[in-house]
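Please read the following account with the sequence and the model side by side. The paragraphs take up one region at a time.

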Amino acid sequence: MPRNATSPGHVTQRLRFIVACLLVASGSALATPCQFESQGEGRVAAVVDARSVRLDDGREIRLSGIAPTATTKQALTSLLAGRDVTLRSADDTPDRYGRQSALLFIGESDISVQAMLLARGEAVVSAEIVDKDCAAALMASEAAARRQKMGSWADPSAIKNAESPDDILAEIGRFAVIEGKVLSVRQAGATTYLNFGRNWTRGFAVTISRRTLPVFESAGIALKSLENRRIRVRGWVEGTTGPRIDVRLLGQVELLGANEPTGVRP
């Protein structure tokens, strides 16, 4: 019987083709970038939320490496409902909620579900995966979607302007991607502040704790050198007066070129 164009298998094949095309176009390598060990297999019984699924053996799996957008849960349901998946990660230890974090692969696919979602603009890189090659591959999927204005990236406000703190304050409690020029770098106690506004209490700022500094130092990045540089930062928005993002991972910060158009950097 011919396969229906909307059947799960057809949709998955089409998504794999789209991801491959986008990654080739972005110039990134497709050669198995995420070399994590298999942490088992299972069949998806339910999509719990925009980042979690439940397998038929009762395990709850959290999709690592991504933060959700408005369409992530719907996309996951279309992709994964009733499908056999393989879990890959560096560690299978459950989190405090009993969820196992992993990259998911449908059947024999060598492209993760996370990469599929990112390439369609139906998720955002969370920067929690620190493996350099895997993190770069996920970021390349997102960058390709940004260039093509796929999914959530079709919205001009998908990337917030660091000079508009009120717009960022509206995102409190949500994961956001923000771009702007660092006007000053100041240290107060055990915290370093990257300030994007001249009013330190009201403007947007990135906070970096002293215990995170070695991560940047090992990458050859002195925080003071970020003054007058344009950067893209991602994370959960906090704050009561001025909006803040607490940076704990190197991948949360991307350096941008001085004349680079907003939102299109790979």
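Helices (H or I, at least four residues) and strands (E, at least two) are DSSP runs, numbered from the N terminus. The model is a predicted one, in which local features need pLDDT of at least 70 and side-chain atom pairs count only at pLDDT 80 or more, while totals for chains, interfaces and linings use all residues. Residues are numbered from 1 along each chain as its sequence is written, and side-chain values use heavy atoms, with hydrogens and water left out.

Confidence is the opening topic. The term pLDDT denotes the predictor's confidence in each residue, from 0 to 100. The protein averages a pLDDT of 86, and 85% of the residues score at least 70. Over residues 1-6, however, the pLDDT is below 50, and this stretch has seven contacts in the model beyond near neighbours in sequence; a contact means heavy atoms within 4.5 Å. The pLDDT also stays under 50 over residues 17-31, a stretch with 20 contacts beyond four places in sequence. Where pLDDT is low, the predicted coordinates should not be read in detail.

The strands come next. Two strands pair if DSSP finds at least two bridges between them. Five strands make a closed barrel in the order E1-E2-E3-E6-E5, with mixed pairing. From one strand to the next, the twist averages 60 degrees; axes are lines fitted to C-alpha atoms, for helices over the stretch in contact, and angles run from 0 to 180 degrees between N-to-C directions. Strands of a sheet pair through backbone hydrogen bonds, either parallel or antiparallel.

Which sense of pairing joins E2 and E3? Strand E2 (residues 52-55) and strand E3 (residues 60-63) are antiparallel, paired over three bridges. Val53 stands opposite Ile61 in E3, and Arg54 has Glu60 as its bridge partner in E3. The two strands form a hairpin with four residues between them, and Gly58 in the turn has a positive phi of about 95 degrees. E3 and E6, by contrast, pair in the parallel sense over four bridges, with Arg62 opposite Ser101 in E6. Helix H2 lies across strand E1 (37-49), E2, E3, strand E5 (84-89) and strand E6 (99-106), and runs at about 120 degrees to E1.

The nonpolar residues may be considered next. A nonpolar core is a set of buried Ala, Val, Leu, Ile, Met, Phe, Trp, Tyr and Cys residues joined through side-chain atoms within 4.5 Å. Buried means under 20% relative accessible area, exposed over 50%, and partly exposed in between (1.4 Å probe, protein chains only). The largest nonpolar core has 32 residues, of which Val53, Leu63, Leu80, Leu104, Val113 and Leu117 touch the most other members. Another core lies apart from it, with 20 residues, among them Ile168, Ile178, Val237 and Ile245. In soluble globular proteins, nonpolar side chains tend to be buried together.

Several individual residues complete the picture. Thr69 is placed in the loop between strand E4 (66-68) and helix H2 (72-80). Thr69 counts as buried because its relative accessible area is 19%. A polar atom of the Thr69 side chain lies 3.3 Å from the backbone oxygen of Glu122.

Ala145 belongs to helix H4 and is buried, since its relative accessible area is 0%. Although Ala145 and Arg120 are 25 residues apart in sequence, they are 5.9 Å apart in space, C-alpha to C-alpha.

Asp246 is located in strand E14 (residues 244-246). Asp246 is partly exposed because its relative accessible area is 23%. The side chains of Asp246 and Thr207 are joined by a polar contact of 3.2 Å. A polar contact is a pair of N or O atoms within 3.5 Å; within protein, one must be able to donate a hydrogen and the other to accept it, and residues adjacent in sequence count only if both atoms are side-chain atoms.

Most residues other than glycine have a negative phi, and most peptide bonds are trans. Ala127, not a glycine, has a positive phi of about 75 degrees, and its place is in the loop between strand E7 (123-125) and helix H4 (132-148). Asn228, likewise not a glycine, has a positive phi of about 65 degrees and is found in the loop between helix H6 (213-218) and strand E13 (230-238). Is each of these residues buried or exposed? Ala127 counts as buried because its relative accessibility is 9%, whereas Asn228 is exposed, with a relative accessible area of 51%.
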